[in-house]
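Please look through the sequence and the 3D structure below, and then read the briefing that follows, which is grouped by topic.

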Amino acid sequence: MNHETALSKAKEIADRVLAPAARQNDKEGRFSSESVEALGRAGLLGVMLPVEVGGSGLGPGTFANVTATLAEADASVAMVYLMHKCAAATIVAARQGASVAQILQDIAAGRHLSTLAFSEAGSRSHFWTPVSRARQNRTGVLITAKKSWVTSAGHAQSYVVSSLAPEAAGPTDSVLYLVPASARGLSVAGPWDGLGLRANASAPMILDDCEVSSQLQLTDDSAGFKAMLEVVLPLFNLGAAAVALGLCRAAVAGTAAHLKSARFEHLGQTLGESLPTLRAQLATMQIDTDGLSTRLDDLVDHLERPRDTTMLRVLECKAAAGDVAIAVTSAAMRVCGGSAFSKHMNVERLFRDAHAGAVMAPTGDVLREFISRVTLGMPLF
Ligand SMILES: Cc1cc2nc3c(=O)[nH]c(=O)nc-3n(C[C@H](O)[C@H](O)[C@H](O)COP(=O)(O)OP(=O)(O)OC[C@H]3O[C@@H](n4cnc5c(N)ncnc54)[C@H](O)[C@@H]3O)c2cc1C
(Lines give C-alpha, C1' and ligand atoms only; values in the text may rest on other atoms or scores of the structure.)
Protein backbone atom coordinates (compact mmCIF):
# COMPACT_ATOMS: atom_id res chain seq x y z
CA MET A 1 0.00 0.00 0.00
CA ASN A 2 1.26 3.49 -0.77
CA HIS A 3 0.06 6.94 0.32
CA GLU A 4 -2.49 7.26 -2.49
CA THR A 5 -4.02 3.81 -2.05
CA ALA A 6 -4.22 4.33 1.74
CA LEU A 7 -6.12 7.56 1.16
CA SER A 8 -8.49 6.11 -1.42
CA LYS A 9 -9.24 3.16 0.88
CA ALA A 10 -9.92 5.56 3.75
CA LYS A 11 -12.25 7.61 1.55
CA GLU A 12 -14.10 4.53 0.36
CA ILE A 13 -14.62 3.31 3.95
CA ALA A 14 -15.59 6.81 5.12
CA ASP A 15 -18.27 7.05 2.40
CA ARG A 16 -19.54 3.47 2.60
CA VAL A 17 -19.29 2.60 6.32
CA LEU A 18 -18.78 5.70 8.47
CA ALA A 19 -20.94 8.43 6.92
CA PRO A 20 -24.24 6.50 6.61
CA ALA A 21 -24.13 5.39 10.28
CA ALA A 22 -22.58 8.46 11.94
CA ARG A 23 -25.83 10.16 12.90
CA GLN A 24 -27.40 7.07 14.49
CA ASN A 25 -24.20 5.99 16.25
CA ASP A 26 -23.89 9.49 17.71
CA LYS A 27 -27.50 9.42 18.87
CA GLU A 28 -27.16 6.01 20.53
CA GLY A 29 -23.55 6.46 21.72
CA ARG A 30 -22.79 3.26 19.82
CA PHE A 31 -19.20 2.17 19.12
CA SER A 32 -18.77 1.41 15.42
CA SER A 33 -17.15 -2.04 15.42
CA GLU A 34 -17.91 -2.40 11.72
CA SER A 35 -15.76 0.68 10.99
CA VAL A 36 -12.82 -0.82 12.87
CA GLU A 37 -13.31 -4.10 11.01
CA ALA A 38 -13.37 -2.30 7.66
CA LEU A 39 -10.21 -0.35 8.53
CA GLY A 40 -8.54 -3.60 9.58
CA ARG A 41 -9.56 -5.45 6.41
CA ALA A 42 -8.23 -2.57 4.31
CA GLY A 43 -4.83 -2.73 6.04
CA LEU A 44 -5.25 0.72 7.57
CA LEU A 45 -4.75 -0.37 11.20
CA GLY A 46 -1.16 -1.27 10.34
CA VAL A 47 -0.44 1.48 7.85
CA MET A 48 2.51 2.90 9.84
CA LEU A 49 3.89 -0.42 11.11
CA PRO A 50 7.26 -1.55 9.72
CA VAL A 51 7.09 -3.71 6.62
CA GLU A 52 8.96 -6.50 8.51
CA VAL A 53 5.92 -7.14 10.72
CA GLY A 54 3.46 -6.90 7.84
CA GLY A 55 2.70 -3.16 7.99
CA SER A 56 2.92 -0.66 5.15
CA GLY A 57 5.70 1.44 6.64
CA LEU A 58 4.01 4.70 5.71
CA GLY A 59 4.68 7.97 7.51
CA PRO A 60 2.95 10.79 9.39
CA GLY A 61 1.62 12.40 6.19
CA THR A 62 -0.46 9.32 5.37
CA PHE A 63 -1.59 8.99 8.97
CA ALA A 64 -2.74 12.64 9.09
CA ASN A 65 -4.59 12.47 5.78
CA VAL A 66 -6.31 9.17 6.57
CA THR A 67 -7.37 10.49 9.99
CA ALA A 68 -8.75 13.74 8.52
CA THR A 69 -10.65 11.78 5.86
CA LEU A 70 -12.24 9.57 8.51
CA ALA A 71 -13.05 12.57 10.72
CA GLU A 72 -14.86 14.29 7.88
CA ALA A 73 -17.34 11.40 7.96
CA ASP A 74 -17.29 10.53 11.68
CA ALA A 75 -14.87 12.08 14.18
CA SER A 76 -15.62 9.36 16.76
CA VAL A 77 -14.13 6.69 14.49
CA ALA A 78 -11.21 8.98 13.61
CA MET A 79 -10.43 9.34 17.33
CA VAL A 80 -10.53 5.55 17.78
CA TYR A 81 -8.11 5.28 14.84
CA LEU A 82 -5.82 7.97 16.24
CA MET A 83 -5.60 6.36 19.69
CA HIS A 84 -4.88 3.01 18.06
CA LYS A 85 -2.06 4.52 16.00
CA CYS A 86 -0.48 6.09 19.09
CA ALA A 87 -0.69 2.78 20.96
CA ALA A 88 0.69 0.84 17.97
CA ALA A 89 3.66 3.23 17.70
CA THR A 90 4.39 2.69 21.39
CA ILE A 91 4.28 -1.07 20.91
CA VAL A 92 6.63 -0.83 17.91
CA ALA A 93 9.04 1.19 20.07
CA ALA A 94 8.92 -1.40 22.89
CA ARG A 95 12.16 -2.11 24.70
CA GLN A 96 14.25 -5.06 23.63
CA GLY A 97 12.93 -8.35 24.96
CA ALA A 98 9.28 -7.32 25.10
CA SER A 99 7.00 -10.03 23.64
CA VAL A 100 5.09 -7.95 21.14
CA ALA A 101 5.87 -9.63 17.80
CA GLN A 102 2.56 -11.52 17.61
CA ILE A 103 0.54 -8.44 18.56
CA LEU A 104 2.26 -6.37 15.89
CA GLN A 105 1.47 -9.06 13.32
CA ASP A 106 -2.15 -9.08 14.47
CA ILE A 107 -2.36 -5.29 14.16
CA ALA A 108 -0.86 -5.46 10.67
CA ALA A 109 -3.40 -8.16 9.76
CA GLY A 110 -6.22 -5.90 10.98
CA ARG A 111 -7.22 -8.20 13.84
CA HIS A 112 -6.08 -6.12 16.79
CA LEU A 113 -7.23 -2.68 17.99
CA SER A 114 -5.23 -0.98 20.73
CA THR A 115 -5.54 2.31 22.61
CA LEU A 116 -4.02 4.50 25.31
CA ALA A 117 -5.00 4.40 28.98
CA PHE A 118 -2.95 7.26 30.42
CA SER A 119 -5.26 9.79 32.14
CA GLU A 120 -5.98 8.99 35.77
CA ALA A 121 -8.68 10.31 38.07
CA GLY A 122 -5.98 11.48 40.51
CA SER A 123 -3.80 13.55 38.17
CA ARG A 124 -6.61 14.39 35.71
CA SER A 125 -5.31 15.91 32.46
CA HIS A 126 -1.68 15.78 33.68
CA PHE A 127 -1.17 12.37 32.13
CA TRP A 128 2.60 12.60 32.48
CA THR A 129 2.28 12.19 36.27
CA PRO A 130 0.28 9.02 36.96
CA VAL A 131 -0.62 8.61 40.62
CA SER A 132 -0.94 4.81 40.39
CA ARG A 133 2.21 2.88 41.20
CA ALA A 134 2.99 -0.62 39.88
CA ARG A 135 4.00 -3.20 42.49
CA GLN A 136 6.62 -5.78 41.65
CA ASN A 137 5.66 -9.43 41.92
CA ARG A 138 7.38 -12.64 40.86
CA THR A 139 6.57 -12.51 37.14
CA GLY A 140 6.12 -8.80 36.53
CA VAL A 141 3.93 -6.20 38.23
CA LEU A 142 0.50 -5.71 39.74
CA ILE A 143 -1.25 -2.47 38.76
CA THR A 144 -4.13 -0.83 40.56
CA ALA A 145 -5.30 2.33 38.82
CA LYS A 146 -8.34 4.44 38.01
CA LYS A 147 -8.11 5.43 34.36
CA SER A 148 -10.54 8.29 33.84
CA TRP A 149 -11.15 8.13 30.07
CA VAL A 150 -10.07 5.37 27.68
CA THR A 151 -11.15 5.65 24.05
CA SER A 152 -12.40 2.28 22.73
CA ALA A 153 -12.86 1.05 26.31
CA GLY A 154 -14.22 -2.49 26.23
CA HIS A 155 -13.70 -2.74 22.45
CA ALA A 156 -9.90 -2.73 22.11
CA GLN A 157 -7.90 -5.95 22.23
CA SER A 158 -5.16 -4.27 24.29
CA TYR A 159 -4.44 -1.12 26.31
CA VAL A 160 -1.17 0.77 26.64
CA VAL A 161 -1.29 1.63 30.33
CA SER A 162 0.89 4.08 32.27
CA SER A 163 1.80 3.75 35.93
CA LEU A 164 4.58 4.94 38.20
CA ALA A 165 7.50 2.52 38.29
CA PRO A 166 7.63 0.35 41.43
CA GLU A 167 10.72 2.22 42.65
CA ALA A 168 9.74 5.63 41.21
CA ALA A 169 11.46 8.49 42.99
CA GLY A 170 9.74 11.37 41.18
CA PRO A 171 6.25 12.10 39.81
CA THR A 172 7.19 11.46 36.18
CA ASP A 173 9.10 8.19 36.77
CA SER A 174 6.49 6.20 34.88
CA VAL A 175 6.44 2.94 32.91
CA LEU A 176 4.25 1.88 29.99
CA TYR A 177 2.77 -1.60 29.96
CA LEU A 178 0.72 -3.46 27.38
CA VAL A 179 -2.36 -4.91 29.06
CA PRO A 180 -4.41 -7.43 27.04
CA ALA A 181 -8.18 -6.92 27.19
CA SER A 182 -8.47 -10.37 28.74
CA ALA A 183 -6.25 -9.50 31.74
CA ARG A 184 -7.83 -10.32 35.09
CA GLY A 185 -8.62 -7.20 37.12
CA LEU A 186 -9.13 -4.95 34.07
CA SER A 187 -12.68 -3.66 33.59
CA VAL A 188 -14.74 -0.84 32.13
CA ALA A 189 -15.92 1.18 35.13
CA GLY A 190 -18.90 3.04 33.73
CA PRO A 191 -20.76 4.18 30.65
CA TRP A 192 -19.65 6.78 28.10
CA ASP A 193 -22.26 9.47 27.54
CA GLY A 194 -20.24 12.45 26.31
CA LEU A 195 -21.34 15.73 24.78
CA GLY A 196 -19.42 14.87 21.62
CA LEU A 197 -17.44 11.96 20.18
CA ARG A 198 -20.31 9.95 21.57
CA ALA A 199 -19.58 6.90 19.43
CA ASN A 200 -16.03 6.24 20.61
CA ALA A 201 -16.61 4.54 23.99
CA SER A 202 -14.29 6.83 25.97
CA ALA A 203 -15.34 5.26 29.26
CA PRO A 204 -13.42 5.05 32.53
CA MET A 205 -11.53 1.83 33.26
CA ILE A 206 -10.25 0.25 36.44
CA LEU A 207 -7.21 -1.92 36.98
CA ASP A 208 -7.59 -3.85 40.21
CA ASP A 209 -4.43 -5.74 41.10
CA CYS A 210 -4.09 -6.39 37.39
CA GLU A 211 -1.11 -8.66 36.75
CA VAL A 212 1.16 -7.75 33.83
CA SER A 213 4.09 -9.98 32.97
CA SER A 214 7.51 -8.40 32.54
CA GLN A 215 7.37 -9.48 28.88
CA LEU A 216 4.63 -6.92 28.33
CA GLN A 217 6.53 -4.08 29.96
CA LEU A 218 7.01 -1.73 27.00
CA THR A 219 9.51 0.72 28.49
CA ASP A 220 12.24 0.45 31.06
CA ASP A 221 11.40 1.59 34.56
CA SER A 222 11.01 5.39 34.60
CA ALA A 223 11.27 5.58 30.79
CA GLY A 224 7.50 5.87 30.26
CA PHE A 225 7.64 9.65 30.37
CA LYS A 226 10.25 9.75 27.59
CA ALA A 227 8.10 7.47 25.41
CA MET A 228 5.02 9.63 26.08
CA LEU A 229 6.93 12.72 24.99
CA GLU A 230 8.91 11.33 22.07
CA VAL A 231 6.68 8.60 20.63
CA VAL A 232 3.10 9.45 21.62
CA LEU A 233 2.94 13.26 21.82
CA PRO A 234 3.98 14.09 18.23
CA LEU A 235 1.59 11.51 16.74
CA PHE A 236 -1.26 12.33 19.09
CA ASN A 237 -1.02 16.07 18.45
CA LEU A 238 -0.79 15.54 14.70
CA GLY A 239 -3.75 13.16 14.76
CA ALA A 240 -5.84 15.42 16.99
CA ALA A 241 -5.19 18.27 14.56
CA ALA A 242 -6.20 15.99 11.68
CA VAL A 243 -9.47 15.17 13.44
CA ALA A 244 -10.05 18.92 13.83
CA LEU A 245 -9.32 19.44 10.12
CA GLY A 246 -11.83 16.77 9.11
CA LEU A 247 -14.46 18.38 11.32
CA CYS A 248 -13.78 21.80 9.79
CA ARG A 249 -13.99 20.45 6.24
CA ALA A 250 -17.30 18.77 7.03
CA ALA A 251 -18.59 21.99 8.60
CA VAL A 252 -17.66 24.03 5.52
CA ALA A 253 -19.24 21.47 3.19
CA GLY A 254 -22.42 21.19 5.28
CA THR A 255 -22.76 24.96 5.54
CA ALA A 256 -22.16 25.51 1.83
CA ALA A 257 -24.75 22.86 0.96
CA HIS A 258 -27.26 24.55 3.26
CA LEU A 259 -26.62 28.01 1.79
CA LYS A 260 -27.18 26.59 -1.70
CA SER A 261 -30.36 24.65 -0.88
CA ALA A 262 -32.30 26.58 1.80
CA ARG A 263 -34.44 29.28 0.19
CA PHE A 264 -36.27 32.49 0.96
CA GLU A 265 -39.29 31.73 -1.18
CA HIS A 266 -40.64 35.26 -0.82
CA LEU A 267 -37.38 36.62 -2.30
CA GLY A 268 -36.88 33.85 -4.84
CA GLN A 269 -33.28 33.30 -3.64
CA THR A 270 -31.23 30.81 -1.70
CA LEU A 271 -29.71 31.91 1.62
CA GLY A 272 -26.32 32.09 -0.05
CA GLU A 273 -27.60 34.27 -2.89
CA SER A 274 -29.50 36.52 -0.54
CA LEU A 275 -27.16 37.27 2.37
CA PRO A 276 -23.61 38.63 2.00
CA THR A 277 -23.12 38.28 5.76
CA LEU A 278 -23.56 34.49 5.53
CA ARG A 279 -21.20 34.35 2.55
CA ALA A 280 -18.59 36.32 4.53
CA GLN A 281 -18.82 33.91 7.46
CA LEU A 282 -18.50 30.93 5.12
CA ALA A 283 -15.40 32.55 3.64
CA THR A 284 -13.86 32.94 7.11
CA MET A 285 -14.60 29.26 7.81
CA GLN A 286 -12.87 28.30 4.55
CA ILE A 287 -9.84 30.50 5.31
CA ASP A 288 -9.46 29.00 8.79
CA THR A 289 -9.86 25.45 7.47
CA ASP A 290 -7.24 25.90 4.77
CA GLY A 291 -4.94 27.58 7.31
CA LEU A 292 -5.23 24.54 9.55
CA SER A 293 -4.51 22.25 6.61
CA THR A 294 -1.32 24.19 5.90
CA ARG A 295 -0.35 23.96 9.56
CA LEU A 296 -0.73 20.18 9.41
CA ASP A 297 1.43 19.96 6.28
CA ASP A 298 4.07 22.01 8.08
CA LEU A 299 3.99 19.69 11.11
CA VAL A 300 4.27 16.60 8.87
CA ASP A 301 7.32 18.20 7.27
CA HIS A 302 8.83 18.89 10.72
CA LEU A 303 8.22 15.27 11.77
CA GLU A 304 9.71 13.87 8.57
CA ARG A 305 12.75 16.15 8.80
CA PRO A 306 13.17 16.86 12.52
CA ARG A 307 14.84 20.15 13.47
CA ASP A 308 15.08 22.59 16.38
CA THR A 309 11.54 23.88 15.92
CA THR A 310 9.86 20.45 15.71
CA MET A 311 8.67 20.23 19.33
CA LEU A 312 7.31 23.77 19.17
CA ARG A 313 5.32 22.87 16.05
CA VAL A 314 4.03 19.70 17.74
CA LEU A 315 2.70 21.81 20.61
CA GLU A 316 1.35 24.64 18.45
CA CYS A 317 -0.49 22.47 15.95
CA LYS A 318 -2.86 20.84 18.45
CA ALA A 319 -3.40 24.10 20.38
CA ALA A 320 -4.33 25.93 17.17
CA ALA A 321 -6.42 23.06 15.81
CA GLY A 322 -8.57 22.89 18.94
CA ASP A 323 -9.43 26.57 18.66
CA VAL A 324 -9.99 26.49 14.88
CA ALA A 325 -12.34 23.51 15.13
CA ILE A 326 -14.45 25.25 17.76
CA ALA A 327 -14.48 28.55 15.81
CA VAL A 328 -15.36 26.98 12.45
CA THR A 329 -18.10 24.71 13.78
CA SER A 330 -19.50 27.56 15.93
CA ALA A 331 -19.71 29.72 12.82
CA ALA A 332 -21.44 26.85 11.00
CA MET A 333 -24.02 26.68 13.80
CA ARG A 334 -24.79 30.39 13.48
CA VAL A 335 -24.82 30.49 9.68
CA CYS A 336 -27.14 27.47 9.46
CA GLY A 337 -29.44 28.98 12.08
CA GLY A 338 -32.44 27.09 13.40
CA SER A 339 -31.84 24.22 10.98
CA ALA A 340 -28.54 23.44 12.72
CA PHE A 341 -29.93 24.10 16.18
CA SER A 342 -32.87 21.76 15.55
CA LYS A 343 -30.54 18.97 14.41
CA HIS A 344 -31.89 18.95 10.84
CA MET A 345 -28.32 18.64 9.63
CA ASN A 346 -24.99 17.20 10.84
CA VAL A 347 -23.54 20.58 11.84
CA GLU A 348 -24.53 20.30 15.50
CA ARG A 349 -22.75 16.91 15.80
CA LEU A 350 -19.62 18.48 14.32
CA PHE A 351 -19.94 21.37 16.81
CA ARG A 352 -20.18 18.96 19.76
CA ASP A 353 -17.39 16.70 18.48
CA ALA A 354 -15.14 19.74 17.92
CA HIS A 355 -15.18 20.61 21.62
CA ALA A 356 -13.31 17.44 22.62
CA GLY A 357 -9.95 18.36 21.08
CA ALA A 358 -9.20 21.31 23.35
CA VAL A 359 -9.94 19.37 26.56
CA MET A 360 -8.10 16.21 25.56
CA ALA A 361 -4.67 16.14 27.14
CA PRO A 362 -2.40 17.92 26.55
CA THR A 363 -5.25 20.45 26.73
CA GLY A 364 -5.16 23.74 24.85
CA ASP A 365 -4.35 25.57 28.09
CA VAL A 366 -1.51 23.22 29.00
CA LEU A 367 -0.10 23.50 25.47
CA ARG A 368 -0.07 27.28 25.80
CA GLU A 369 1.79 26.94 29.07
CA PHE A 370 4.37 24.67 27.37
CA ILE A 371 4.66 26.91 24.29
CA SER A 372 5.31 29.98 26.39
CA ARG A 373 7.91 28.08 28.42
CA VAL A 374 9.70 27.02 25.21
CA THR A 375 9.54 30.62 23.96
CA LEU A 376 11.01 31.91 27.22
CA GLY A 377 13.68 29.21 27.32
CA MET A 378 12.24 27.74 30.51
CA PRO A 379 12.14 23.95 31.20
CA LEU A 380 8.83 22.29 30.23
CA PHE A 381 8.49 20.45 33.54
C1 LIG B 1 -13.62 12.21 24.28
C2 LIG B 1 -12.44 11.99 25.16
C3 LIG B 1 -11.63 10.90 24.93
C4 LIG B 1 -10.51 10.66 25.74
N5 LIG B 1 -9.73 9.58 25.49
C6 LIG B 1 -8.66 9.32 26.28
C7 LIG B 1 -7.84 8.16 26.07
O8 LIG B 1 -8.08 7.35 25.15
N9 LIG B 1 -6.80 7.94 26.88
C10 LIG B 1 -6.48 8.80 27.90
O11 LIG B 1 -5.50 8.57 28.58
N12 LIG B 1 -7.24 9.91 28.15
C13 LIG B 1 -8.32 10.18 27.36
N14 LIG B 1 -9.10 11.29 27.61
C15 LIG B 1 -8.77 12.15 28.75
C16 LIG B 1 -8.17 13.48 28.30
O17 LIG B 1 -6.94 13.28 27.65
C18 LIG B 1 -7.97 14.42 29.51
O19 LIG B 1 -7.19 13.79 30.47
C20 LIG B 1 -9.27 14.82 30.14
O21 LIG B 1 -10.16 15.29 29.15
C22 LIG B 1 -9.01 15.91 31.17
O23 LIG B 1 -10.22 16.28 31.80
P24 LIG B 1 -10.21 16.77 33.33
O25 LIG B 1 -11.58 17.16 33.71
O26 LIG B 1 -9.55 15.73 34.15
O27 LIG B 1 -9.28 18.05 33.18
P28 LIG B 1 -8.60 18.90 34.35
O29 LIG B 1 -7.18 18.46 34.52
O30 LIG B 1 -9.46 18.92 35.55
O31 LIG B 1 -8.55 20.35 33.67
C32 LIG B 1 -9.59 21.33 33.85
C33 LIG B 1 -9.19 22.59 33.16
O34 LIG B 1 -7.95 23.06 33.71
C35 LIG B 1 -7.03 23.34 32.69
N36 LIG B 1 -5.68 23.03 33.15
C37 LIG B 1 -5.22 21.89 33.72
N38 LIG B 1 -3.91 21.97 33.98
C39 LIG B 1 -3.50 23.18 33.58
C40 LIG B 1 -2.25 23.86 33.58
N41 LIG B 1 -1.13 23.30 34.05
N42 LIG B 1 -2.20 25.11 33.06
C43 LIG B 1 -3.32 25.71 32.59
N44 LIG B 1 -4.53 25.12 32.56
C45 LIG B 1 -4.63 23.88 33.05
C46 LIG B 1 -7.44 22.42 31.55
O47 LIG B 1 -7.01 22.94 30.29
C48 LIG B 1 -8.94 22.40 31.65
O49 LIG B 1 -9.50 23.49 30.96
C50 LIG B 1 -10.21 11.54 26.81
C51 LIG B 1 -11.06 12.64 27.05
C52 LIG B 1 -12.15 12.87 26.25
C53 LIG B 1 -13.04 14.06 26.55
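**The ligand and its surroundings**

Three elements, β1 (114–117), β3 (140–150) and α13 (364–375), each supply at least two residues of the shell around the ligand; helices (H or I, at least four residues) and strands (E, at least two) are DSSP runs, numbered from the N terminus. This is a predicted model, in which local features need pLDDT of at least 70 and side-chain atom pairs count only at pLDDT 80 or more, while totals for chains, interfaces and linings use all residues. Residues are numbered from 1 along each chain as its sequence is written, and side-chain values use heavy atoms, with hydrogens and water left out.

**Shell around the ligand**

- Of the 20 residues around the ligand, those that come nearest are Ser119, Arg124, Ser125, Thr363 and Asp365, where a residue is near a molecule if one of its heavy atoms lies within 4 Å of it.
- The shell divides into 12 nonpolar, six polar and two charged residues, with Asp, Glu, Lys and Arg counted as charged, Ala, Val, Leu, Ile, Met, Phe, Trp, Tyr, Cys and Pro as nonpolar, and the others, Gly among them, as polar.

- A polar side-chain atom of Asp365 lies 2.7 Å from an oxygen atom of the ligand, a polar contact being a pair of N or O atoms within 3.5 Å.
- A nitrogen atom of the ligand lies 2.8 Å from a polar side-chain atom of His126, and a nitrogen atom of the ligand is 3.2 Å from a polar backbone atom of Trp149.
- Taken alone the ligand exposes 990 Å², of which the protein buries 74%; such areas come from the Shrake-Rupley method with a 1.4 Å probe.

**Backbone features**

- Most residues other than glycine have a negative phi, and most peptide bonds are trans.
- Ala361 and Pro362 are joined by a cis peptide bond, with omega about -5°, and Pro362 lies in the loop between α12 (356–359) and α13.
- Leu197, although not a glycine, has a positive phi of about 45°, and Leu197 is found in the loop between β6 (186–188) and β7 (203–213).

Terms used. Polar contact = N/O pair within 3.5 Å; in protein donor to acceptor, adjacent residues only side chain to side chain.
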